[in-house]
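Please read it with the structure open.

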Amino acid sequence: MQLDRKTQYRAAILLGMDTKRIPFLVRLHKDSRELLTKAAEDQRRSVSSIIDQCVRDQLMPKYGELQPRLQRFLSGVRQP
């Protein structure tokens, strides 16, 4: 059964799902996909949540909001 967008949105709200996430298509190497599958099974998380966390971990220190980066700089923590 296919639900229209409005119904999907309402269902997501009722189920407490985060509707602020944006679908994004990504091409991966075969070995990258295998690593993601293993990690998802091991951590009992979805592949998309692992990708999201990896992107945040990798890019937040350099491209994130200024205030946390400034705090790390002033506290003497070495930035990558």
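**Notes on the pocket and its surroundings**

1. The largest pocket has a volume of about 500 Å³. A pocket here is an open set of points on a 1 Å grid over the protein atoms alone, where a 1.4 Å probe fits, with protein on both sides within 12 Å along at least five of seven lines. The volume is the space filled by probe spheres set on the points, which are joined across faces, edges and corners.

2. The model is predicted: local features need pLDDT of at least 70, side-chain atom pairs count only at pLDDT 80 or more, and totals for chains, interfaces and linings use all residues. Residues are numbered from 1 along each chain as its sequence is written, and side-chain values use heavy atoms, leaving out hydrogens and water.

3. The protein has four helices and zero strands; helices (H or I, at least four residues) and strands (E, at least two) are DSSP runs, numbered from the N terminus. Of its 80 residues, 9% count as buried, that is, under 20% relative accessible area, with exposed over 50% and partly exposed in between (1.4 Å probe, protein chains only).

4. Which residues line the largest pocket? They are Lys20, Arg21, Ile22, Pro23, Phe24, Val26, Ser48, Ser49, Ile51, Asp52, Val55 and Arg56, each with an atom within 4 Å of a point. The lining divides into six nonpolar, two polar and four charged residues; Ala, Val, Leu, Ile, Met, Phe, Trp, Tyr, Cys and Pro count as nonpolar, Asp, Glu, Lys and Arg as charged, and the others as polar.

5. Ser48, in the lining, is found in helix 3 and counts as exposed because its relative accessibility is 53%. Ser48 and Leu36 are twelve residues apart in sequence and 9.1 Å apart in space, C-alpha to C-alpha.

6. Ile51, also in the lining, lies in helix 3 (residues 47–63). Its relative accessibility is 30%, so Ile51 counts as partly exposed.

7. How many salt bridges does a search of the whole structure find? It finds one, a salt bridge being a side-chain nitrogen of Lys or Arg within 4 Å of a carboxyl oxygen of Asp or Glu. The side chains of Arg56 and Asp52 meet in a salt bridge at 3.2 Å, N to O. Both residues lie in helix 3, four residues apart, about one turn of the helix. Arg56 counts as partly exposed because its relative accessibility is 43%; Asp52, with a relative accessible area of 28%, is partly exposed too.
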